[in-house]
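Here are some notes for reading the model alongside its sequence. Please keep both open while going through the points.

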Amino acid sequence: MSKSKFKNPVVKWIDHRLPVFSFMDHELNHYPTPKNLNYFWNFGSLAGFALVTMIVTGIVLSMNYTAHVDYAFDSVERIMRDVNHGWLIRYIHMNGASFFFIVVYIHIFRGLYYGSYKAPRELLWILGVLILLLMMATAFMGYVLPWGQMSFWGATVITNLFSAIPLVGESIVTWLWGGFSVDNSTLNRFFSLHFVLPFVIVGVVILHLVALHRFGSNNPIGIDVRGTQDTVPFSPYYTIKDLFGLSVFLSFFAAAVFFFPNFMGHPDNYIEANPMVTPAHIVPEWYFLPFYAILRAVPDKLGGVLFMFGAIAVLFILPWLDRSSVRSSQFRPIYKIFFWILLLDCVLLGYLGAMPAEGIYVILSRIATAYYFFHFLILFPLLPYIEKTKPLPISISEPILGGGSAASAFAVREKR
Amino acid sequence: MPKNSKSKNSNEGKRDFLIVSTYTIAGIGAAAVAWPLIDQMNPAADTLALASTEVDLSSLEEGQAITVTWRGKPVFVRHRTPEEIKLAKQVSLDDMRHPERDEDRVPNEKYIVLVGVCTHLGCVPLGQKSGDVKGQYGGWFCPCHGSHYDHSGRIRKGPAPTNLEVPSYKFLSDNVIKIG
Amino acid sequence: MIKSLLLFFSSHISKLFISLVIISLSNFSFAAGEKISYPQLNWSFSGILGTFDRASQQRGLQVYKEVCSGCHGMRLLAYRNLKSIGYNDDEIKAFAADNNVNTINDDGEVVERPARPSDKFVSPYPNDKAARAANGGAYPPDLSLIIKARPDGANYLHALLTGYVDAPKDQKVPDGMYYNKYYSGNLIGMPQPLYEDGVEYADGTKATPDQMAKDVTAFLAWASEPEMEDRKRLGVSVMLFLFLLTALSYFAMKQIWAPIKEK
């Protein structure tokens, strides 16, 4: 079988014994992909690229970093000042975290808009939410490592969330810290976990891809692929499209790294951690702000923690909360409006997370939090009973060809 | 779309050229990114700044030796007696594995300065302290695999292939040397 | 169809992009926190192509040495780093040798030796507690990262250094505190550091407080981001490369997809 596929004798020899080349050829080269994917489908591969970038720069940074409260801050500054190209590598890693989250959030909202989480892709979605959760844990612990003021106080505040758990809360926090405050033991274990979790993410990403390739990508119309006339081989069509998307992404990324490297950071993190002085306003990194707003919106300590984790928990059960059988918002006129409201709601929560918890901000946080849960827990299950969806097209080829027949689509492909 | 085959061919040629050059440029970019990742493992600016060391020899008596640290390695400095200098100079070069004249190894014959790392497999030879084994030739002796060095740090017996390395150094004054 | 796809794409991307900008801006404006506004100066090092002004940096080093270094350390900066603001090896060696660092001699005693270019800037106090004790409990912060560690650092520092004015009548200024119109809360533990002709510039520049504040800010901005010029220079080449790659991959993509998109 592989005889005709590969010309190179070495490749042929290896592939006969270990069919990695057949696998890659099948999954990356011939892999049939819907031909109507828009640019929002670029963000999956961009997320993969961001993950690899973070791992590579992270390994390199760890070669120069010292995980000790007395040396951590200075070792990061040594990377910035003395290590060859250290500033570049560190700024890539630091801004890479933000861009990773930007890409992943767009990827998630893409899934929400086009109903990519619906049967038969429920596990694909759940694995994705798991990746998000692992990313958050990794990012949080990574932010502690430079041992600046925000590192220290962020670690203190977030670990203290667990003290809200009844009875065992205090013991759990002490256990997390390995002491009676965030200190050297905490820094060491955070470094260890920050190093290892990305590889766990890689494992889940592989499962995510296996699940994806089981049924193939969803598409903007949300109807199933009917046959080869609806798909194109991944290569060269989507390899070149991903390369173009990557170039655009890198242009934004490089602009941040080279010209505004500290735009998404906080000045206080250039002050070494001081357990005796809390900065006037502590805020998490921007990608945690919506969750932080939910945490603060609830007046009860335990309640706040539960709502915050609940905001992610609802994502896990989303495939069963949404009762509509129509995937794409293009054919769900009412859901489409609510989708944009949800997006604005999340942006608003992000904004509120950065504002002081007082006055109008508290009230707005509560409204926005209420909407978030209303959207997932009430709107998703009930909307299908009210909403009248638009008629679905017969196949992917039809709308793409603007009234042409499936046969002519086939003819175009034959011509090549 | 009616096209004659010639223009079609040249279009395909242009098309292929465009695609190939796109992927080539992308490949060049990826390769360029590798350099900072590799170069970060080279000595950093602060490490390079410590690459030279000054040593004051004024308190070093005849027959005594001191060991100083330079670039993370021991450097041997021995104040040789006239007897030792004589021995170092009169040996015939024919008897040596790595023939070098003593004059070529010491700018000031009173002081011998050596990198204290055996050229065999990197152990630190004995012979700096007064009670140390100094080997058959009175210089240094490497305990790991039995290399014997003479008063000029030259290999005379044992597995080491070359003489003990003389670091680059210069006398800033009569008694102060700058190594590196 | 392609057009409508593009339209769809652009409108949605722009929405997402705007929201992202809002998120980042909210973070940023929040970081800018304090409601006090101070003069926005036109620094040579601001902007995408900005570079440091060597002469100003060197004057700034003089201000740091003669005025600030009495209380403020710069422990992350090494004397050898001064090479990148235009000093040669001998000048750096002499500059370093004016300071003493502790070392342990062969008899195990702590002795002083002159600082070398490889040493970090010697701090005025042996530790934070001594610094605090010597300044009435107010800790004079280390200046190595001060520009990066304050929102809008350069403008803030310049404003702070020139912000000493007479306190309004209703404002009580306790002993050991000073009134500064740009400091959060207006009461600062640092007495006014810069006075007319407080230093004598070798290049003949008139040493007004404003000039000295600008110079020392230029010096400290470099100390915070010594990589800045390299970073921007490399950034320009990287951006040009990426624009080329984006253009090429766009046209290559159009070529490859042409048979599929053909009607």
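1. With which residue does Glu109(B) form a salt bridge? The partner is Lys89(B), and the closest N and O atoms are 2.5 Å apart. A salt bridge here is a side-chain nitrogen of Lys or Arg within 4 Å of a carboxyl oxygen of Asp or Glu. Glu109(B) is partly exposed, with a relative accessible area of 37%, and Lys89(B) is partly exposed at 35%. Buried means under 20% relative accessible area, exposed over 50%, and partly exposed in between, with a 1.4 Å probe and protein chains only.

2. On how to read the values: this is a predicted model, in which local features need pLDDT of at least 70 and side-chain atom pairs count only at pLDDT 80 or more, while totals for chains, interfaces and linings use all residues. Residues are numbered from 1 along each chain as its sequence is written, chains are lettered from A and ligands numbered from 1 in the order in which they are written, and side-chain values use heavy atoms, with hydrogens and water left out.

3. Other salt bridges. The count over all chains comes to 28. Asp102(B) and Arg80(B) meet through their side chains at 3.0 Å, N to O. Asp102(B) is in helix α4 (residues 102-105) of chain B and Arg80(B) in the loop between β3 (73-79) and α3 (82-90), so this pair too links distant parts of the chain, 22 residues apart. Both Asp102(B) and Arg80(B) are buried. In chain A, a network of salt bridges links Lys118(A), Asp322(A), Arg332(A) and Glu387(A).

4. A salt bridge between chains. The side chains of Asp46(B) and Arg78(A) meet at 2.6 Å, N to O. Asp46(B) lies in helix α2 (residues 45-49) of chain B and Arg78(A) in helix α5 (residues 72-81) of chain A, so the pair joins two chains. Arg78(A) counts as partly exposed, at 27% relative accessibility.

5. Cysteines. The search of the whole structure finds one disulfide over all chains (a disulfide is a pair of cysteine sulfur atoms within 2.5 Å). Cys123(B) and Cys144(B) form this disulfide, with sulfur atoms 2.1 Å apart. The torsion about their S-S bond is about -100°, so the disulfide is left-handed. Cys123(B) lies in the loop between β4 (111-115) and β5 (140-142) of chain B, and Cys144(B) in the loop between β5 and β6 (147-149), so the pair ties together parts that are 21 residues apart in sequence. Cys142(B) is in no disulfide; the nearest cysteine sulfur, that of Cys118(B), is 3.8 Å away. Cys142(B) is buried, with a relative accessible area of 2%. In chain C, the sulfur of Cys71(C) is 9.2 Å from the closest cysteine sulfur, in Cys68(C), which is too far for a bond.

6. Strands of chain B. An open sheet of three strands has the order β1-β9-β8, with antiparallel pairing (two strands pair if DSSP finds at least two bridges between them). β1 (53-56) and β8 (169-171) of chain B stand at the edges with a single partner strand each, so one side of each has no neighbour in the sheet. Four bridges join β1(B) to β9 (residues 176-179), and Asp56(B) stands opposite Val176(B). Elsewhere, six bridges join β2 (residues 65-70) to β3(B), which run antiparallel. β2(B) and β3(B) form a hairpin with two residues between them, and Arg71(B) in the turn has a positive phi of about 50°.
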